[in-house]
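Here are some notes for a colleague who is opening this structure for the first time.

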Amino acid sequence: MKYIQIDIKTSRAGIEPLLAALMEVGITDTVVEDPADVDDLLNKKNEYDWDYVDESVLELRNRQPQVTVYMNDDEDGRAAAENLRHAVDGLKSAAAAGIFGEGADLGPLTVEMCVCDDSGWKDKWKEYFKPAKVGKTIVVKPTWEEYEAKPGEKILEIDPGMAFGTGTHETTSLCIRLMEEYIHPGDKVLDVGCGSGILSIAGALLGAGDVLGIEIDPAAVDISKENIALNHVQNIARAQYGDLTKGVDYKANVVVANLMADLVIMLSKDVANHMMPGAVYISSGILDEKAVTVVDAMRALGFRILEVRQDGMWCAVAAAL
C-alpha cells in the first residue's frame, strides 16, 4: 500500500496559522517539527519534562520548522492533498496582504509531496507521541511508552490510532484544565464529539460518577470504547454513536465539546437541553480570533460566560445558564 507524505516548510511564527488553515479544510492530524521545542525541552520548564534526551532529538535544533501530513494514496487522499495546496496558497496570500501584521514572516510555506511505501508508516507517527502532563493532574501516556506517575498525577493511557488525536493539542489540554476546575465528585459528564475518548476518560479520572461520550464517526466510537477499557473506567464512562441534536436523551452537570468554533456555535443551541441546573458548558477548538464570535453567540442564547482561557492561538470557554 502506498501513502502520500506532505511536508510544509514554515517558520516558528507560521506554525499556528498553518495548522489553523489546515483545520479549515478538515485536516487536523499533523506532525509538527519545531526546533524551538528542543530548546524549551532542554530548559526543562517543567520538572516532569525529561530524564534523558536522545541525540536524534538534539538534531532537530538545526532544522527549519515543518508541518507534515500523511494521507492514503487514493482518490480521497489526493483530493485532500489538493485542498491542502489551496489552503497553503490562501495562507501565503493572506500573509502577503498583511493579515498577520506588517512584516510577519510565516516562512517559505513550500509544499513538498511524495508517494511512499507504507512499510513502517503506520507506526512512524508514534515517534512523536510521548507522555505529557496536560493539566494539573492528568498525564496522557501512549500505551507503548513507560512512565512512572508522580504523587498526585493521574495517568490517562491511550492508543489513539493514526486517525485520532493524541490529547496533547492545546485545545484538549485547555478542556482538561477546565474540567479539573468544574467537575465535582459524582458529576454526570457529557463529552460531545468524543473522538478517541480522551475527555471522557479524563472525566472519569477526575471523579465523575457517569460519563457519556457521543461521536458521529463509528470508527472513533470503537477507538473510544477500547481506550475506556484500557483505562479501566468502563464502569463509569461509555461511548456511543450519535448526534447531540438527534435522539440523545442525557442531562449532565458538565458538558464538554472540543470541536471547532462554527460547530460549537451550532451545538450551543441544543446544549441547554442536556444541562442540569447549575451545569457548566466547556467548549474548545476555538481559534483566538473567533473567541469573541463564539462568546457573543453564547450570550445571545442566554449563557453566562464564566471564563475564557487561552493557549497559543487557541481558547476554551466555560459557560453556564
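1. Two strands count as paired if DSSP finds at least two bridges between them. The model is a predicted one. In it, an open sheet is built from 4 strands, in the order β2-β3-β1-β4, with antiparallel pairing.

2. The edges of this sheet are β2 (31–33) and β4 (111–117). Each has a single partner strand, so one side of each is left without a neighbour in the sheet. On average, and with direction ignored, neighbouring strands here are turned by 20 degrees against each other.

3. For a closer look at one pairing, take strand β1 (residues 2–9) and β4, which pair in the antiparallel sense over 7 bridges. Ile6 stands opposite Met113 in β4.

4. Which strands do the helices lie across? Helix α1 (residues 15–24) lies across β1, β2 and β3 (66–72), and its direction is at about 20 degrees to β3. Helix α4 (residues 75–96) lies across β1, β3 and β4, running at about 155 degrees to β3.

5. Now the charged side chains. Side chains of opposite charge can pair when their charged atoms come close. With a cut-off of 4 Å between a side-chain nitrogen of Lys or Arg and a carboxyl oxygen of Asp or Glu, the count comes to 8 salt bridges. Three of them are described in the points below.

6. Lys141 and Glu157 form a salt bridge in which the closest N and O atoms are 2.9 Å apart. Lys141 belongs to strand β6 (residues 138–142) and Glu157 to strand β7 (residues 154–158), so the pair ties together parts that are 16 residues apart in sequence. Is Lys141 buried or exposed? Lys141 is buried, because its relative accessible area is 7%, under the limit of 20%. Glu157, with a relative accessible area of 22%, is partly exposed.

7. Another salt bridge joins the side chains of Asp311 and Arg177, at 3.4 Å from N to O. This pair links distant parts of the chain, 134 residues apart: Asp311 is in strand β13 (residues 304–311) and Arg177 in helix α6 (residues 170–182). Asp311 is partly exposed, with a relative accessible area of 23%. Arg177 also counts as partly exposed, at 27% relative accessibility.

8. The side chains of Arg309 and Glu307 meet in a salt bridge too, with 2.7 Å from N to O. Arg309 has a relative accessibility of 24% and counts as partly exposed. Glu307 is partly exposed as well, its relative accessible area being 22%.

How values were computed. Residues are numbered from 1 along each chain as its sequence is written. This is a predicted model: local features need pLDDT of at least 70, side-chain atom pairs count only at pLDDT 80 or more; totals for chains, interfaces and linings use all residues. Side-chain values use heavy atoms; hydrogens and water are left out. Helices (H or I, at least four residues) and strands (E, at least two) are DSSP runs, numbered from the N terminus. Buried means under 20% relative accessible area, exposed over 50%, partly exposed in between (1.4 Å probe, protein chains only). Axes are lines fitted to C-alpha atoms, for helices over the stretch in contact, and angles run from 0 to 180 degrees between N-to-C directions. Contact means heavy atoms within 4.5 Å.
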